[in-house]
Amino acid sequence: VVNSGIVGYFDRNPRFPYCRQTAWFAKNFEKVNNAYPYIKIIDGLFKKACPERYAAQKAYADKTHEDWILGNTVFTTITVNKNFKTALHTDAGDCKEGLGNLAVLSAGNYEGGYTVIPRYRVAFDVRSGDVCFFNVHEYHANTEIKSKLAYERISVVCYYREKMVNCGSMSEELGRAKN
């Protein structure tokens, strides 16, 4: 079972020729609304730690209809993973001038879960309360998580989907969907 979900918004693609909310987000808006203060903290840390990349991503967000921006941040979308080892991959569709923002919330003791970027031979031990900023267009993964006791490791990956800048308002995109 893959414990992964996507919160926020998606841009148009051939299967869905309109911008839209993710299904989970539409059904759980109250839960996400309660998480906005945390998302805003991640946004503030991004701005402080990586001002040039933040400014580049903010330029996209500023050109995007406000309907598609999560809580006055530079993010349109969040991937949430629970106790999940990711395969080696690059992210597609994220703002190339920005950065991925990986935050972790955890409980219990576990080993592993390192975020690795093989090209640079680095691994980040992102633990509860930590935030890691990196170029998600580089190959990356996270290692297996092991524990003999109960644990939870929730990774919260906040990003801006580059083509969201092409979306109209929600009502305009709903019109596209109906047509």
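The following legends describe close-up views of a predicted model.

**View 1. Helix α2 meets helix α3.**
Helix α2 comprises residues 29–49 and helix α3 comprises residues 51–63. Their axes come within 5 Å and cross at roughly 120 degrees. That angle makes α2 oblique to α3. On the side of α2, the contact is formed by Asp43, Phe46, Lys47, Lys48 and Ala49. On the side of α3, Pro51, Arg53, Tyr54 and Gln57 take part. Sorted by class, the contact of α2 with α3 has 4 nonpolar, 1 polar and 4 charged residues. In general, two packed helices are described by the angle between their axes and the distance between the axes.

Tyr54, Gln57, Tyr60 and Ala61 of α3 are buried. These residues cover an arc of only 120 degrees around the axis, so they are placed on the same side of α3. An α-helix has 3.6 residues a turn, so residues three or four places apart point the same way. The elements that cover the buried residues of α3 include α2 and β11 (152–159). On the face of α3 turned away from the buried side are the exposed residues Glu52, Asp62 and Lys63.

Most residues other than glycine have a negative phi. For Asn72, phi is near 60 degrees, a positive value in a residue other than glycine. Asn72 belongs to the loop between α3 and β3 (77–82). Its relative accessibility is 64%, so Asn72 counts as exposed. For Asn83, phi is near 50 degrees, again a positive value in a residue other than glycine. Asn83 is located in the loop between β3 and β4 (100–107). With a relative accessible area of 26%, Asn83 is partly exposed.

**View 2. Gln21 and its contacts.**
Gln21 is part of strand β2, which consists of residues 20–21. It counts as partly exposed, because its relative accessibility is 31%. Apart from neighbours within four places in sequence, Gln21 is in contact with Gly8, Tyr9, Ala26, Trp68 and Met170. Gln21 and Trp68 are 47 residues apart in sequence, and their C-alpha atoms are 8.4 Å apart in space.

**View 3. The surroundings of His140.**
His140 is located in the loop between β8 (131–134) and β9 (141–142). Its relative accessible area is 6%, so His140 is buried. Not counting residues up to four places away in sequence, His140 touches Ala87, Leu88, His89, Thr90, Asp91, Val116, Ile117, Pro118 and Phe134. Between His140 and Ile117, which are 23 residues apart along the chain, the C-alpha separation is 4.6 Å.

**View 4. His65 in the loop between α3 and β3.**
The loop between α3 and β3 holds His65. At 31% relative accessibility, this residue counts as partly exposed. If neighbours within four places in sequence are left aside, His65 is in contact with Cys167, Gly168 and Ser169. The C-alpha atoms of His65 and Arg119 are separated by 36 Å, and these two residues are 54 residues apart along the chain.

**View 5. Asp11 and its contacts.**
Beyond its neighbours within four places in sequence, Asp11 is in contact with Tyr18, Cys19, Arg20, Arg161, Lys163, Met164 and Cys167. One of these, Arg161, is 150 residues from Asp11 along the chain, while the C-alpha atoms of the two residues are separated by 7.2 Å.

Technical notes: Residues numbered from 1 in each chain as written. Predicted model: local features only at pLDDT ≥ 70, side-chain atom pairs only at ≥ 80, totals over all residues. Heavy atoms only, no water. Axes fitted to C-alpha atoms, helices over the stretch in contact; angles between N-to-C directions. Helix = DSSP H or I, 4+ residues; strand = E, 2+ residues; numbered from the N terminus. Parallel < 35°, antiparallel > 145°, perpendicular 65-115°, else oblique. Contact = heavy atoms within 4.5 Å. Nonpolar A, V, L, I, M, F, W, Y, C, P; charged D, E, K, R; others polar. Buried < 20%, exposed > 50% of the residue type's maximum accessible area, 1.4 Å probe, protein only. Arc of directions from axis to C-beta.
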